[in-house]
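Dear colleague,

I am passing this structure on to you, and my notes follow below it. Please read them with the structure open beside you.

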Amino acid sequence: MTPSQATRSPVHLKDAATAVDPLDQQAADLLRGTDAVRARAHALLARARRGESAWFTVHDDALTQTAALVAEVTRERYPDLKIPYHSRWRHFEAGGVNRAAWLNALLGAAPPAEKARTQIDLALVSVLLDAGAGPDWSYQEAGGGPGGQPAIYARSEGLGVASFHAFMAGLFSSDHDHPLQADAVGLQRVTAETLGAAFQVSERNPLVGLEGRAALLRRLGEVMAANPAVFGPSNPAGATGSTAASARPGGLFDFLVGRNPGELAQQVQAHEILGALLAHLSPIWPAQNRIGDMALGDCWRHPGVHGPGHSHGWMPFHKLSQWLTYSLLEPFEWAGVTVTGLDALTGLPEYRNGGLLLDAGVLRPRASVPPARSWEAGDEFIVEWRALTVALLDELAPRVRDVLGLTAAQMPLACVLEGGTWAAGRVLARRLREGGAPPLNIVSDGTVF
């Protein structure tokens with residue numbers, strides 16, 4: 001696949017060396033596009049509005065108040081309305097500390113492309129570690145607080161800060177002379193024990209899904225080692241001579257914009273980045289969601305979803321892949337590459353954005369839904385909640401822009417999320433529940449939420 005082929009419609013990839021059923025391939029291709037995410041999410045929203053959902057009622061009158069809350073939170077967070085993208089880089093700024101500047105200082109006079117590779121290495125690994133931490137885990141950063149005192153971070157910020165320091169310490173590199181990278185060999189060496197030590201995990205400080213996170217990184221290393229054409233940088237300055245050691249997440253930069261030495265493409269589409277991730281990282285995701293031999297990743301069964309062929313009944317999300325795409329926008333832009341088509345991506349269906357819609361009363365579970373039940377990611381209730389979240393974020397975004405007096409060009413969806421819906425979801429959760437717990441109890445294996 002060439003970068004120009006990674007469009008919003010399907011990404012084609014032969015997932016196995018053996019013959020693939022063309023109908024399976026066609027379905028997998030369709031489900032790997034954000035057009036399918038949006039269309040199917042909006043179809044489920046229309047179905048719920050018709051009163052046909054077994055799980056939710058939709059209250060459109062609450063959208064106006066919800067938009068006002070999101071706009072209020074956005075103004076508080078960004079009074080000048082210069083809103084950055086919703087990305088992992090915001091978590092690296094936890095506590096008002098510019099940790100990215102620490103990394104850039106160590107990179108010194110490295111060429112922009114090499115800086116971008118390193119930033120992509122960091123962002124990609126950190127995002128894969130970003131599934132919900134659970135309520136009982138935190139990370140203490142030495143000297144990260146006022147006056148050089150220790151600072152304690154939890155949830156997404158804690159995971160971001162912990163993964164940043166693990167990266168800076170060389171946990172994901174196999175080359176002691178080049179610690180500021182993640183490479184295939186280094187990632188395959190990650191264990192729950194080594195990751196737990198870096199994340200300060202203990203019986204008193206448990207991290208949800210630790211084994212799943214470590215396994216995900218090992219699978220990432222295996223996939224990169226098997227695909228050096230995509231993940232091997234064109235300028236392997238940090239390589240040790242081993243193809244696997246030189247395969248890095250940052251190789252995606254070269255794959256998309258810089259395969260010819262000394263030449264960079266002037267722009268890349270956001271969905272080209274996502275397309276490359278979905279095509280070439282699909283084998284890292286849990287294997288239970290498959291069509292034939294092809295892993296679908298964050299794609300789940302729902303009886304109310306309709307579509308052609310073998311795609312019928314599948315609701316795709318690709319939340320972590322899209323969160324990763326949002327988090328890679330800045331490394332490309334910092335290297336001088338313009339990223340276009342940001343709103344081809346969708347909102348992120350996780351417990352802050354989805355929790356906002358529940359806590360604000362836009363979505364209400366039916367009376368028959370047990371309020372204290374624990375849910376799995378594949379439960380129909382959760383699949384539908386996430387789909388309704390995607391569709392309603394599309395409807396909420398223009399309302400928020402209208403309140404703030406901004407255009408879609410000034411405030412793309414990536415900025416609405418940051419301003420924004422994710423933060424407002426946290427604000428409401430803290431008002432309503434001790435510790436800001438989400439409104440639903442979701443069992444996490446560290447790979448979806």
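Leaving aside residues up to four places away in sequence, F332 touches, among others, I120, F253 and V339, a contact being heavy atoms within 4.5 Å.

The model is a predicted one, in which local features need pLDDT of at least 70 and side-chain atom pairs count only at pLDDT 80 or more, while totals for chains, interfaces and linings use all residues. Residues are numbered from 1 along each chain as its sequence is written, and side-chain values use heavy atoms, with hydrogens and water left out.

H318, in the loop between strand 8 (314-316) and helix 15 (319-334), counts as buried because its relative accessibility is 4% (buried means under 20% relative accessible area, exposed over 50%, partly exposed in between, with a 1.4 Å probe and protein chains only). A polar atom of the H318 side chain lies 2.7 Å from the backbone oxygen of L31, and the residues that H318 touches include L31, L296 and D298.

E52, in the loop between helix 2 (34-49) and strand 1 (56-58), is partly exposed at 43% relative accessible area. The C-alpha atoms of E52 and G304 are 9.3 Å apart, although 252 residues separate them along the chain.

Best regards

How values were computed: Helix = DSSP H or I, 4+ residues; strand = E, 2+ residues; numbered from the N terminus. Polar contact = N/O pair within 3.5 Å; in protein donor to acceptor, adjacent residues only side chain to side chain.
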